[in-house]
Amino acid sequence: MLRNKELCFQLAAQILISVIACVICIFINPTACIIVAVSSLLIIIAGIIAAKARCNKLSLLCDDIDKILSGDDSISFDSYEEGDISILKTEIGKMTTKIREQNNKLKNDKIILKDSLADISHQLKTPLTSMSIILTMLRTKELSDSDRKKYVRDLSMLILKTEWLIDTLLKLSSFEAKAITMEKKEFACVELIKSATEPLLIMAELKETELVTVAGNEKLVADFRWCNEALQNIIKNCIEHSNSDSKIVISSEENALAVTITVEGGGNRISKKDFPHIFERYYKTDNVNHQGYGIGLALSKQIVNEHDGIIRAENTDKGVKFTIIFYKSTV
């Protein structure tokens, strides 16, 4: 307590004033001098006791802060009474709560990063292993020209798939890191559907699946590039799961509340077991003919969520129906 210069100065001032008052009272009335001296002494003692109690509380508060900085999350400031210490406690409590939230967020981010790295490593392992096997086969001298061309074609497809996988994983990571800024502009839904379907026409032809567009003059205010990414992933997923000689219809409609885009068809349906998980990252169905990575629909859902929209899927008599809703009040 004596190390506090402010308290020492206050104590010295009280003693000096009391001495001066006692000296003056001696010349006026000796009895008054005694009363003033006793009163001053009691006031000084009471001040010392109050100051000591205050110093003890501050010392305890400092100890609690040190414990918090050392990582002790069990410290609470509820035991402090009203007064200046309580006000200080409230402010420190706010700071402590914020620090705890930041620490929890950092812990969660580390867990997400760890899981993401593990998932990415797992996802890349399969195509890289296949590429390694193909390269080994290509070194075989006895390989015929037709087989060599086939392996080169397979290797090219694996490289393209790996590039798509890495690109999609980077996009998902950008969304999680809040590093994506949506540039919302008005555009026609028919333009979006055309942009999303054109790169998939060859894929649909190889699967003997017809892509049909049904769109009018519906207008959407959103980020065209990211909406194109979301819709293209959904259509691609439908083509991959479609039956031969099937049809997939991409349509749009508009009302006073929202703009809705639907993708329906393919003839194949989602099992009840898979339905709750189709928008989860890295989830794959039991369909042996499907060679996807389980991240396309997860990215689509993330993009729609960034627009405060809704995406859902359901089985119909034509296959699977994906519905994307963009609300006009939020887009």
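Leu-192, Cys-227, Ala-230, Leu-231, Ile-261, Ile-324 and Phe-326 line the largest cavity. This is a predicted model. The volume of that cavity is about 30 Å³. The count comes to one cavity of 30 Å³ or more. By class, the lining has seven nonpolar, no polar and no charged residues.

Which elements supply at least two residues each of this lining? They are α7 and β7, the latter spanning 319-327. Helix α7 gives the most, with three residues.

**Helix packing around α7**

Helix α7 covers residues 224-240, and helix α4 covers residues 145-176. Helix α8 runs over residues 296-306.

| Pair | Axis separation | Angle | Crossing |
|---|---|---|---|
| α4 and α7 | within 14 Å | roughly 130 degrees | left-handed |
| α7 and α8 | 8 Å | about 145 degrees | left-handed |
| α4 and α8 | within 10 Å | roughly 30 degrees | left-handed |

Take α7 and α8. They pack at an angle of about 145 degrees, with axes 8 Å apart. On the α7 side the contact is made by Trp-226, Cys-227, Glu-229, Ala-230, Asn-233, Ile-234 and Asn-237. On the α8 side it is made by Gly-296, Leu-297, Leu-299, Ser-300 and Ile-303. These residues divide into seven nonpolar, four polar and one charged. Cys-227 and Ala-230 belong to this contact, and Cys-227 and Ala-230 also line the largest cavity.

Now α4 and α7. Their axes come within 14 Å and cross at roughly 130 degrees. The two helices are therefore oblique to each other. From α4, the residues involved are Trp-164, Lys-171 and Phe-175. They meet Trp-226, Glu-229, Asn-233 and Lys-236 in α7. By class, this contact has three nonpolar, one polar and three charged residues.

Last, α4 and α8. Their axes come within 10 Å and cross at roughly 30 degrees. Angles under 35 degrees count as roughly parallel, and the crossing here is roughly 30 degrees. Trp-164, Thr-168, Lys-171, Leu-172 and Phe-175 are the α4 residues in this contact. Their partners in α8 are Gly-296, Ala-298, Leu-299, Gln-302, Ile-303 and Glu-306. The set divides into six nonpolar, three polar and two charged residues.

**Backbone in two loops**

Where does Glu-208 lie? Its place is the loop between α6 (201-206) and β2 (209-214). Glu-208 is not a glycine, yet its phi is positive, about 55 degrees.

Asp-308 sits in the loop between α8 and β6 (310-316). Asp-308 has a positive phi of about 60 degrees, although it is not a glycine.

Terms used. Residues numbered from 1 in each chain as written. Predicted model: local features only at pLDDT ≥ 70, side-chain atom pairs only at ≥ 80, totals over all residues. Heavy atoms only, no water. Axes fitted to C-alpha atoms, helices over the stretch in contact; angles between N-to-C directions. Helix = DSSP H or I, 4+ residues; strand = E, 2+ residues; numbered from the N terminus. Parallel < 35°, antiparallel > 145°, perpendicular 65-115°, else oblique. Left-handed = near helix turned anticlockwise from the far one by under 90°. Contact = heavy atoms within 4.5 Å. Nonpolar A, V, L, I, M, F, W, Y, C, P; charged D, E, K, R; others polar. 1 Å grid on protein atoms, 1.4 Å probe; cavity = no way out; pocket = protein on both sides within 12 Å on 5 of 7 lines; lining within 4 Å. Points joined across faces, edges and corners; volume = space filled by probe spheres on them.
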